[in-house]
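Welcome! Take a moment to look over the sequence and turn the model around before reading on.

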Amino acid sequence: MKKNYLLFFLFTFILTASYGQQSNATNVRFNLGKVSKNVIAGIESYNLEDLKYHARLSKESIEIVEKLTESEQCYNTLDISNSIAIYLETALLAEELVTARTYLNKTEDLILKAFYEYDVCSNEEANAVSSNYGENALTDLQQQQAELKAQQAALEQKAKDIKLQLAEQERQETILKKQQFVTSNERAMTSSINAYNDVLKSCECRTSLAPSQESVSDLSTKTIQEIKTFYLDKSITISQNFGAKLKACKE
């Protein structure tokens, strides 16, 4: 029954467009039809990118409907359109195909309600008959909108939390990399000094290179490149000191 009702309105909006009774850009039924068409295409998509493509097209059309129904004071249709827009936005924020498809599925009944409420709004007699329904539907839709906005806020917060976690993970990895780099270079410096001292000892130079007394605690605030430069300069200094001691030993 729901599908027959939807097909009826799709047929109606196609006829309307064909005979040029109203401009497509300003026709509520036409744009609701576009929303429905792209929602169905999105649900039938087999990948998230294609689904989001149709969801974006649906959102563009529903935004037109929102503007038109507000100007026509069709507030029930406007509230339903707002709910549809929130579902579409939530689908666009989803990171999984199943989740995004679930939100698109939720718009199908709302699209039917939007068609119905717009017909009611367009017909004063129908408005009088269905006023109670409209008030109840408005309350339900407002509650749905609040829930959807909360879900959307939760998704956005989750994305922020993940971003912060990744930043912290990257910071910790950088700290660990620095520590490993410093440890490796300190070990190399000690090994070099010992090797130089062995040479001096074998040459009976009666002198030696003293181990480095420099603190490495300040290196934690420097970049990897700055730490690398520090150890290169240190290696050059040790080599120069070794060369000077060898020359002195000859004299």
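This report looks at one helix and then at the cysteines.

## About the model

This is a predicted model, in which local features need pLDDT of at least 70 and side-chain atom pairs count only at pLDDT 80 or more, while totals for chains, interfaces and linings use all residues. Residues are numbered from 1 along each chain as its sequence is written, and side-chain values use heavy atoms, with hydrogens and water left out.

## Helix α4

Let's start with α4, which covers residues 75-93. Helices here are DSSP runs (H or I, at least four residues; strands are E, at least two), numbered from the N terminus. The expected span of a helix is 1.5 Å times one less than its number of residues.

Is α4 mostly covered or uncovered? It is mostly covered, since 14 of its 19 residues are buried. Buried means under 20% relative accessible area, exposed means over 50%, and partly exposed is in between (1.4 Å probe, protein chains only).

A disulfide is a covalent bond between the sulfur atoms of two cysteines. Here, a pair of cysteine sulfur atoms within 2.5 Å counts as one. How many does a search of the whole structure find? The search finds 2.

One of them joins Cys-74 and Cys-121, with sulfur atoms 2.0 Å apart. This pair links distant parts of the chain: Cys-74 sits in the loop between α3 (48-71) and α4, while Cys-121 belongs to helix α5 (residues 97-122), 47 residues apart. The angle about the S-S bond is -80°, and the link is left-handed. Cys-74 counts as buried because its relative accessibility is 3%, whereas Cys-121, at 22%, counts as partly exposed.

## The Cys-205 and Cys-249 link

Cys-205 and Cys-249 form a disulfide too, their sulfur atoms being 2.2 Å apart. Cys-205 lies in the loop between α7 (131-202) and α8 (224-250) and Cys-249 lies in helix α8, so the pair ties together parts 44 residues apart in sequence. With -100° about the S-S bond, this link of Cys-205 and Cys-249 is left-handed. Cys-205 is buried at 12% relative accessible area, and Cys-249 is partly exposed at 28%.

If you number the bonded cysteines of the chain in sequence order, the pairing reads 1-2, 3-4. Cys-203 is in no disulfide: the nearest cysteine sulfur, belonging to Cys-205, is 5.0 Å away. With a relative accessible area of 44%, Cys-203 is partly exposed.
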